[in-house]
Amino acid sequence: MTIYDISEKAGVSIATVSRVLNGSGSVSEKTRKKVLDVISRYEYTPNAFARGLGLNTMKTIGILCADSSDLYLAKAVYYIEQKLRANGYDSILCCTGYDPLDKAAAVSLLIHKKVDALILAGSNFIYENDADNQYVADAAAQLPLMLLNAALDTPNVYSVISDDFTSMYEATLQMISGGIRDIVYFYNSASYSGKKKLAGYLAAMKEKQLLNEAEFVQFYQGSHEDIPAMTAHLKKLHDEGIRFHGVIASDDTLALAAVKYAKLMGYSVPDEFCVLGYNNSILVNCCDPELTSIDNKLETLCQHLINTLMGVLSGKEMPKKTVFSGEIIRRGTTQ
């Protein structure tokens with residue numbers, strides 16, 4: 001249905017329909033009701049749309065994530081949707097993939113859907129090169145934009161992040177203090193968050209003068225669901241003559257593969273081999289012994305993000321960036 005169809009069926013001018021759509025006060029309640037009744041009768045989502053028209057808002061937030069099959073992102077989207085619903089907002093989800101052009105296209109699509117704000121869930125939406133972040137700045141010029149676990153110093157962009165650098169730095173130091181010095185860092189993402197985690201590991205290893213093997217930093221490029229391939233990656237490293245007795249992984253899936261590798265090699269965990277994961281996901285209970293992991297406080301981040309967004313939408317001045325500390329949850333894979 002177009003504005004012309006609404007005009008014809010309501011028996012009013014196109015200009016009157018336009019004033020109703022824009023929430024103008026110069027329309028009588030009788031006429032406004034007539035227009036909204038037509039929209040309610042013929043729109044595919046009449047209740048949400050009509051409600052939004054009356055308040056000059058769709059009461060809908062656009063959510064973007066790169067990959068909803070990723071455990072971290074799936075949980076983030078779940079928390080965000082639940083907390084939006086508790087505040088009376090609906091949501092539209094776009095799973096963009098990792099291509100920059102696809103991300104920009106999804107942002108544009110949601111803006112044209114007249115959402116009230118955008119939430120970019122995950123750190124893959126922000127790049128090192130400012131030019132690559134222009135699509136975010138352009139979107140923020142039109143509506144509030146929230147970043148989960150990434151940061152960008154741009155007007156109308158609000159960031160809620162976990163201190164991944166410090167979490168990984170402290171975890172590495174603690175593994176070293178437990179007697180493990182040959183520690184492989186196993187990661188699969190060069191995102192904003194991924195770079196912070198890697199930097200934390202490198203800083204701790206350099207501080208203890210242990211980073212003398214470039215092979216200790218291992219990037220896995222395969223599927224994030226293929227745990228056997230991750231295990232094979234570590235086995236290949238061993239076959240090439242690299243000896244290590246600890247793995248710190250950028251997520252729990254990679255850490256689970258490291259536990260499988262230790263079992264394959266006959267190491268006793270944690271007496272001879274230690275493993276630490278990240279995200280404190282459901283996977284921590286899927287190995288024996290159970291996995292030590294860093295809790296990045298995802299639910300707390302999501303709650304604060306929605307609180308900040310609600311404040312922004314109500315016209316309050318809100319903090320541009322909020323940082324939360326992670327916590328190491330000790331289980332059986334570390335000393």
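How are helices H5 and H12 oriented to each other: roughly parallel, roughly perpendicular or oblique? Before selecting them, note that this is a predicted model, in which local features need pLDDT of at least 70 and side-chain atom pairs count only at pLDDT 80 or more, whereas totals for chains, interfaces and linings use all residues. Residues are numbered from 1 along each chain as its sequence is written, and side-chain values use heavy atoms, with hydrogens and water left out.

Select residues 71-86 for H5 and residues 298-313 for H12, whose axes come within 9 Å and cross at roughly 40°. Helices (H or I, at least four residues) and strands (E, at least two) are DSSP runs numbered from the N terminus, and axes are lines fitted to C-alpha atoms, for helices over the stretch in contact, with angles running from 0 to 180 degrees between N-to-C directions. H5 and H12 are therefore oblique to each other, given that angles under 35 degrees count as roughly parallel, over 145 as roughly antiparallel, 65 to 115 as roughly perpendicular and the rest as oblique. The contact (heavy atoms within 4.5 Å) is made on the H5 side by Tyr72, Lys75, Ala76, Tyr79, Ile80, Lys83 and Leu84, and on the H12 side by Leu298, Glu299, Cys302, Gln303, Ile306, Leu309 and Met310.

Next, select residues 192-207, helix H9, whose 16 residues reach 23 Å from the first C-alpha to the last, close to the 22 Å expected at 1.5 Å a residue; the expected span is 1.5 Å times one less than the number of residues. Among the buried residues of H9 are Tyr192, Leu198, Tyr201, Ala204 and Met205, where buried means under 20% relative accessible area, exposed over 50% and partly exposed in between (1.4 Å probe, protein chains only). Show the elements that the buried residues of H9 pack against, including helix H8 (164-177), strand E6 (183-187) and strand E7 (217-219). Just after H9, glutamine 209 takes a positive phi of about 55°.

From there, move to phenylalanine 216 in the loop between H9 and E7, which is buried, with a relative accessible area of 6%. Phenylalanine 216 and tyrosine 185 are 31 residues apart in sequence but 6.1 Å apart in space, C-alpha to C-alpha. Leaving aside residues up to four places away in sequence, phenylalanine 216 touches Asp182, Ile183, Val184, Tyr185, Tyr201, Met205, Ile242 and Arg243.

In helix H8, pick serine 167, which is buried at a relative accessible area of 5% and touches Tyr278, Ile294 and Gly326, again not counting residues up to four places away in sequence.

The next stop is the loop between strand E4 (145-148) and E5, where asparagine 149 is found. Phi of asparagine 149 is near 60°, a positive value in a residue other than glycine, and at 4% relative accessibility asparagine 149 counts as buried. Asparagine 156, in the loop between E4 and E5, has a positive phi of about 70° although it is not a glycine, and is partly exposed, with a relative accessible area of 25%.

Finish with two peptide bonds. A cis peptide bond joins valine 269 and proline 270, with omega about 10°, and proline 270 lies in the loop between helix H11 (252-265) and E9. Another cis peptide bond joins aspartate 288 and proline 289, with omega about 0°, and proline 289 lies in the loop between E9 and strand E10 (292-295).
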